Amino acid sequence: MRELSQKFLESMVQNLGSSLFCEVLCNVVHHYASRSFSVYVDYIRNMPSQKHTLINLRKESPRFVEILNKLEEDPCCNRLPLDSFLSLPFQRISHLKVLMETVLKRTPSKSDVQASAEAALSDISEVLEVCNRELGKMKQIEELVNIANKAEFECKALPLVSASRWLIRDGEMTQLALNENILGQKKNCPVHLILFNDLLLVTSKKGSDKYAVHDHVHRSLIEVTEGAEVEEDLEGYDVSRVFKLDILKNHRGIPFRLLLQASTVEERDSWIKVLRSEEGVYEEWDCPQVRCIQAYDGQQPGELSLQPEDIVSIIQKTSDGLMEGRRVPNGERGWFPAKCVIEIPNEHVQRRNLCQRHHVLQAAASMLKRRNVGQDQHTTICFNKP
């Protein structure tokens with residue numbers, strides 16, 4: 001990082017010494033951003049590790065703290081701590097983008113300086129975007145590691161840390177008892193849900209910083225019911241804060257149900273929103289795959305050309321017979337007609353079939369319940385006739 005910074009600044013000084021025109025400055029930024037600034041991405045990706053290393057050293061090594069304090073007292077540091085110097089590379093990238101934007105605003109239209117500034121701004125923006133994305137990924141990994149260290153599995157354990165997994169939401173709610181105990185009471189208990197993009201953990205707090213994991217389920221095997229559709233005895237509860245969570249197949253391959261009450265209506269609604277999936281839109285961790293049976297030559301931008309036997313992971317389906325997908329394995333993305341492909345059986349299809357079966361059984365049970373209620377009412381009327 002230091003070597004690149006020195007070369008970059010020396011090049012800036014050298015070129016500005018020969019010309020005061022902004023075009024020269026923009027050319028230097030464009031040259032380095034398009035060739036050498038990947039070092040910034042690596043550096044920024046490692047920033048969370050830097051932070052933790054410093055925290056641990058300050059806690060565990062008095063000698064390190066003593067030496068660091070002496071260094072920071074040096075007049076060259078201008079009373080700034082080491083942390084501020086470690087963040088300078090990220091600040092430099094942001095400042096360079098602002099500089100290129102300022103140059104672009106103040107240069108004549110269709111001039112050489114404008115073209116040079118646009119090229120430099122495009123490259124530096126791309127580097128900054130990648131830096132932010134990598135920093136976000138590292139924060140996600142850091143969050144996963146933190147949860148994994150706190151989780152104690154009382155069921156079959158699974159690895160939580162994965163580059164393709166991130167935390168969506170976690171929080172505590174009240175699990176309402178569905179059945180009475182031997183004393184004729186319904187005993188409620190706290191439950192802590194941890195929702196990832198592809199996984200739900202059902203846990204309870206264990207001490208101040210641990211979670212006992214009782215169960216886990218693939219996110220696509222979750223069904224949420226709210227309002228009048230919750231066919232449970234909710235007498236004494238605030239129905240507006242209650243929802244039913246059906247887990248169609250847990251880690252042991254069996255279904256079970258949770259009746260949950262949030263602390264507020266807003267909290268309940270936000271949980272329902274993140275637990276439900278948008279119809280016809282798929283994520284990489286849970287998507288159908290298709291095989292091409294009829295060649296398709298994409299003519300428009302955004303279309304995906306296909307050859308027979310091509311395998312495509314589906315991102316989105318529309319009601320008018322179009323699909324958007326990524327070709328396996330090169331990841332090329334685009335739209336194509338659904339009639340050109342057939343679906344391949346995979347885990348997504350198995351989970352979808354299980355969900356459809358659940359919906360059919362729920363609908364049948366609801367119809368049967370309404371029919372029985374109608375029969376009971378009819379019987380009552382008959383007995384009351386003179």
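**Exercise 1. Place Pro329 in the fold, then describe the peptide bond that joins Val328 and Pro329.**

Solution. 
- Pro329 sits in the loop between β11 (322-328) and β12 (333-337). The model is a predicted one.
- Val328 and Pro329 are joined by a cis peptide bond. Its omega is about 10°.

**Exercise 2. Work out the surroundings of Ser313: which element holds it, is it buried or exposed, and what does it touch?**

Solution. 
- Start with the element. Ser313 belongs to strand β10, residues 311-317.
- Next, accessibility. The relative accessible area of Ser313 is 15%. Buried means under 20%, so Ser313 is buried.
- Now the contacts. Leaving out residues up to four places away in sequence, Ser313 touches Cys287, Pro288, Gln289, Glu324, Gly325, Arg326 and Val328.
- Finally, the polar contact. The side chain of Ser313 pairs with the side chain of Gln289 at 3.1 Å.

**Exercise 3. Find the residues other than glycine with positive phi at Asn78 and Lys110, and say whether each is buried or exposed.**

Solution. 
- Take Asn78. Its phi is positive, about 55°, although Asn78 is not a glycine.
- Asn78 lies in the loop between α5 (62-72) and α6 (82-86).
- The relative accessibility of Asn78 is 60%. Exposed means over 50%, so Asn78 counts as exposed.
- Take Lys110. Its phi is near 65°, again positive in a residue other than glycine.
- Lys110 lies in the loop between α7 (88-105) and α8 (112-150).
- At 80% relative accessibility, Lys110 counts as exposed.

**Exercise 4. Describe the largest cavity: what is its volume, and which residues line it?**

Solution. 
- Count. The structure has one cavity of 30 Å³ or more.
- Size. The volume of the largest cavity is about 30 Å³.
- Lining. The residues are Lys137, Gln140, Ile141, Ser162, Ala163 and Arg165.
- Classes. This lining has two nonpolar, two polar and two charged residues.

Key
Residues numbered from 1 in each chain as written. Predicted model: local features only at pLDDT ≥ 70, side-chain atom pairs only at ≥ 80, totals over all residues. Heavy atoms only, no water. Helix = DSSP H or I, 4+ residues; strand = E, 2+ residues; numbered from the N terminus. Buried < 20%, exposed > 50% of the residue type's maximum accessible area, 1.4 Å probe, protein only. Polar contact = N/O pair within 3.5 Å; in protein donor to acceptor, adjacent residues only side chain to side chain. Contact = heavy atoms within 4.5 Å. 1 Å grid on protein atoms, 1.4 Å probe; cavity = no way out; pocket = protein on both sides within 12 Å on 5 of 7 lines; lining within 4 Å. Points joined across faces, edges and corners; volume = space filled by probe spheres on them. Nonpolar A, V, L, I, M, F, W, Y, C, P; charged D, E, K, R; others polar.
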